[in-house]
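Student: Could you show me how to read a structure like this one?

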Amino acid sequence: MTLMKNLLGAAAAVAVTAGAALADPAVIFDLGGKFDKSFNEAAYNGAKRWADETGGKYLEIELQSEAQREQALRRFAEAGASPIVTTGFAMADPVANVSADYPDTKFVNIDGFLPEIPSNVQMIAFEEHQGSYLVGVLAAMASKSGTVGFIGGMDVPLIRHFACGYAQGALATNPGIKIVANMTGNTPTAWNDPVRGGELAKAQIAQGADVVYAAAGGTGIGVLQATADADGVLSIGVDSNQNHLHPGKVLTSMLKRVDVAVYEAMKAGGDLETGIQVRLGLAEEGVGYALDDNNASLVSGDMEAAAEDAKAKIIAGDIDVVAYYTNDSCPVLDF
Amino acid sequence: MDKMPKWADVALIPFLNLTLAFAISMAVIAAIGQDPFEAVKLMVTGALGSSYGWGYTLYYATNFIFTGLAVSIAFQAALFNIGGEGQAVLGGLGVALVCLYIPFPHWTVAILFAMLGGALFGALWAAIPAYLQAKRGSHVVITTIMFNFIAASLLNYVLVNLLRPKGSMDPASARFPETTNLPTFHDLLSPFGIAFSKSAPVNVSFIVAVVACIVVYLLLFRSRIGYEIRSFGQSQSASVYAGISPVKITMIAMLLSGGLAGMMSINNTMGESERLILNSVEGAGFIGIAVALMGRNHPFGVFLAALLFGFLYQGGGELALWLSIPRELVLVIQGLVILFTGALDNMIRMPVERAFIRAAKRAEARDAKQKEA
């Protein structure tokens with residue numbers, strides 16, 4: 001078996017070598033670190049799944065400083081790695097800069113935006129506003145007080161994008177609903193401040209919110225904890241399925257399948273299609289809401305039906321969830 | 001003799017401190033199952049073994065020289081400026097505004113105005129805590145720390161709402177025009193036939209930083225105002241008696257300090273990222289405190305300490321890049337260096353000093369005996 005695997009592996013390696021130089025993929029994790037229980041960890045899980053399934057090897061680094069962005073890209077490109085998968089919007093500009101010097105290397109960036117995409121770069125964007133819309137629908141239906149909360153991490157356009165989709169979903173379901181939105185902070189530490197997340201959650205509960213959606217990386221852990229400790233309050237997790245963290249207290253989680261994106265990019269290897277912007281929305285199963293044993297008792301049949309209905313309408317184009325980026329503002333929520 | 005010789009104070013003690021810090025670091029690396037000797041070798045070759053490594057080491061060092069000078073100039077006046085971080089953030093904003101909105105014909109002109117813009121914004125950010133300290137007695141440590149947070153919020157607001165190009169997700173300004181891009185060492189040295197790594201970010205700002213060291217030295221130790229700053233730092237009441245105005249010295253020292261911290265941004269914002277990003281300072285303002293402590297608040301000492309921290313940053317980055325050493329361990333090494341050179345300095349200093357004094361006394365006694373005989 002092992003011999004067979006080795007032989008097959010060797011054959012595969014030869015096949016790859018024939019196409020291009022022997023290329024291991026590489027993953028560059030953003031400043032939050034590989035084990036941030038959120039975005040980067042999802043990327044790591046995708047890479048790990050690829051490695052487990054194919055037995056392949058990949059290079060990786062966790063960035064520690066801004067100046068290392070280009071450094072890491074160049075290092076991996078010079079080591080012959082391809083595709084080089086990068087996470088986080090802050091890598092978009094360095095990728096655009098470096099990719100021109102290494103035309104034979106393929107680059108992938110998740111979450112970034114480039115006005116012109118170089119021919120050897122694939123940009124992956126998630127339609128977070130669509131997934132957030134669905135959890136907004138669920139939140140509005142689950143809320144008894146008529147007030148729902150949103151807690152973001154750092155106040156950046158991406159997080160406003162989450163909040164905007166959520167608010168649209170909640171308002172579409174209950175036009176009279178009150179939405180309380182807070183950001184944790186203005187520095188990168190806002191991604192990893194569970195204590196402040198918990199305080200914000202308590203403040204929102206005091207204002208009457210009985211469903212709180214956290215899109216705040218590690219800060220969200222504190223939000224989920226504070227809502228689980230309070231009576232009759234539910235929370236909504238983000239990025240990966242966080243329902244299991246407090247079974248019966250987490251209404252659902254807004255899924256953003258970064259792991260799938262990383263896995264697919266690494267699997268495609270040399271055949272990765274570049275020069276394009278890939279959008280992963282509801283139709284592509286790139287975003288969604290989590291339903292499992294942990295929250296089965298919280299999501300009624302009606303709620304699931306309403307969410308599925310909204311999902312079908314968004315995919316069909318009957319509901320247009322406005323993206324924050326379109327006008328750099330949100331039609332239903334002020335920041 | 002009741003003191004140890006000068007060379008022991010400035011060279012031997014730091015060396016012993018560093019050796020201890022590295023010994024413990026190596027023990028930690030061994031404890032997590034990695035080869036400590038290979039790790040040290042990798043750090044040294046990664047940071048100093050190639051023009052690429054030097055390029056990064058000097059790039060980081062440039063940041064630390066500016067912030068280290070900023071902290072030490074205030075410290076000479078007995079003011080503990082913890083706000084280097086916020087002042088550098090504002091300096092970045094000043095540099096960005098100058099680069100984005102003034103059309104420059106050439107980088108040589110651009111860098112002068114950018115230095116001015118960065119220094120002005122940094123100094124302005126230091127001016128408020130300085131005024132509150134001088135006139136109202138609000139402690140500068142508290143106010144400068146608070147101003148770091150205000151600076152972060154202000155920059156975030158400006159980037160997200162005003163300077164960000166439409167449609168971009170990254171809270172960062174547009175790229176600066178080509179004419180403001182500073183030449184790197186590669187560009188500077190290649191006309192002389194010296195090959196320097198093309199991808200290393202060290203740029204002409206390093207030379208500015210070295211010049212800044214000399215200027216700060218002349219200012220502190222060879223000028224009247226420097227003398228006033230230092231005597232104010234040594235004894236406030238004595239300098240007031242001598243006719244030195246506390247308000248004036250507090251303001252001048254803090255403005256100079258903030259200006260130097262702000263000037264750091266010609267390196268990271270104008271020289272490296274070539275656009276204003278949210279996280280451009282990334283703690284250099286705080287590292288500056290350690291650099292100033294280690295450099296004994298002397299410009300030359302700051303220069304050497306900044307090189308050491310540049311080495312730690314780049315060498316540490318290489319460790320995380322090529323060994324399966326978690327990046328947190330690099331912080332442990334940096335922390336140990338700060339701990340031993342800053343906080344635990346006396347642990348080494350006192351026994352060494354005693355040893356020197358004892359040796360000197362013994363020699364004296366021997367001399368006296370010889371004379372008797």
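Here we go through domains, chain contacts and a helix pair.

Tutor: This is a predicted model, where local features need pLDDT of at least 70, side-chain atom pairs count only at pLDDT 80 or more, and totals for chains, interfaces and linings use all residues. Residues are numbered from 1 along each chain as its sequence is written, while chains are lettered from A and ligands numbered from 1 in the order in which they are written.

Student: Into which domains is chain A divided?

Tutor: Domain bounds come from an automatic or database domain assignment. Chain A has domain 1 (16-126 + 259-280) and domain 2 (128-255 + 300-327). Their centres, taken over C-alpha atoms, are 29 Å apart. Domain 1 of chain A gives 10 residues to the contact and domain 2 of chain A gives nine, where contact means C-beta atoms, placed from the backbone, within 7 Å.

Student: How many residues of chain B are in contact with chain A?

Tutor: There are 26 from chain B, meeting 27 of chain A. Elements of chain B giving two or more residues to that side include α3 (51-76) and α15 (327-343); helices here are DSSP runs (H or I, at least four residues), numbered from the N terminus.

Student: At what angle do α5 and α6 of chain A pack?

Tutor: Axes are lines fitted to C-alpha atoms, for helices over the stretch in contact, and angles run from 0 to 180 degrees between N-to-C directions. Helix α5 (residues 128-142) and helix α6 (residues 157-173) of chain A pack at about 40 degrees, with axes 6 Å apart. That makes α5(A) oblique to α6(A), because angles under 35 degrees count as roughly parallel, over 145 as roughly antiparallel, 65 to 115 as roughly perpendicular and the rest as oblique.

Notes. Contact = placed C-beta atoms within 7 Å.
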